[in-house]
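Me: I would like to go through this model step by step. Please keep the answers plain.

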Amino acid sequence: LAPTVGLQTTNNLTIGSYGTTTLDADTNTTVLGVVGDLYIGPVGTLLADATADVTINGSYDNDGVFTANGGQVNMRGNGSHTIAAGASDFANLTLDGTGTFRFVEDATTTEDFIIEVLAGVSMSTTSSTTLAVGGDFRNDTDGLDTDWTGSTLYLYSGGAYTVGQSDENDTYNIVESANDTQPRFWNSTFTSVVTATGSSLY
């Protein structure tokens, strides 16, 4: 659901589709809630805030500029949704709705990427996409609600962390662990694993 404070839209939000437009949620620390889809057009810019969440109950499509400023984006809502990150990175991204979320382009979170375990939440990737995670990657699903077919999960936090609980598992395609990154995957399987110097995956 949309937040009860801040800037809210009860349907879709388009920024900069036809004319140069900047939506600044950073200057005044504005929480942004979009009940429908969020589209950042070719001449659009969205400035997020480090402490005020952006919550989207529909799909996300970025053809312009999204400046995360270290903030949090929550993807929620029911039904089927797509995530097209464009050329801009997320900081923190959480999937915690009751719908399905499909990454149709490469995406990067410079900080944490979390897939919450909620009734009905599911996530998939389009073949050949890469999801890069610069913080902790946490997958709280049971593996039945995710589809990593043809994708690459690139982890580059430079630290050690546990991906999920010990009673959870998943089936991944390619997972790459960059320098000094040491993720622990419980009971999971991989098509291919690539570890860089000083990194591990277990």
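**Strands and core**

Me: Ile83 stands opposite which residue in β13?
Reply: This is a predicted model. In it, β11 and strand β13 (residues 100-103) pair in the parallel sense over 4 bridges. Within β13, the residue opposite Ile83 is Phe103.

Me: What is the bridge partner of Ser124 in β19?
Reply: Strand β16 (residues 122-125) runs parallel to β19, and 2 bridges join them. The partner of Ser124 in β19 is Asp147.

Me: Which strands stand at the edges of the open sheet, and why is one side of each left without a neighbour?
Reply: The open sheet has 7 strands with parallel pairing, in the order β2-β5-β8-β11-β13-β16-β19. Each edge strand has a single partner strand, so one of its sides has no neighbour in the sheet. The edge strands are β2 (13-15) and β19 (146-147).

Me: Which residues touch the most other members of the largest nonpolar core?
Reply: Nonpolar side chains tend to be buried together in soluble globular proteins. Here the largest nonpolar core has 40 residues. Those that touch the most other members are Phe113, Phe137 and Leu153.

Me: Leaving aside neighbours within four places in sequence, which residues is Phe137 in contact with?
Reply: Phe137 belongs to the largest nonpolar core. With its neighbours within four places in sequence left aside, its contacts are Phe113, Ile115, Trp148, Leu153, Leu155, Tyr161, Thr162, Val163, Tyr172 and Phe185.

Conventions
Residues are numbered from 1 along each chain as its sequence is written. This is a predicted model: local features need pLDDT of at least 70, side-chain atom pairs count only at pLDDT 80 or more; totals for chains, interfaces and linings use all residues. Side-chain values use heavy atoms; hydrogens and water are left out. Two strands pair if DSSP finds at least two bridges between them. A nonpolar core is a set of buried Ala, Val, Leu, Ile, Met, Phe, Trp, Tyr and Cys residues joined through side-chain atoms within 4.5 Å. Buried means under 20% relative accessible area, exposed over 50%, partly exposed in between (1.4 Å probe, protein chains only). Contact means heavy atoms within 4.5 Å.
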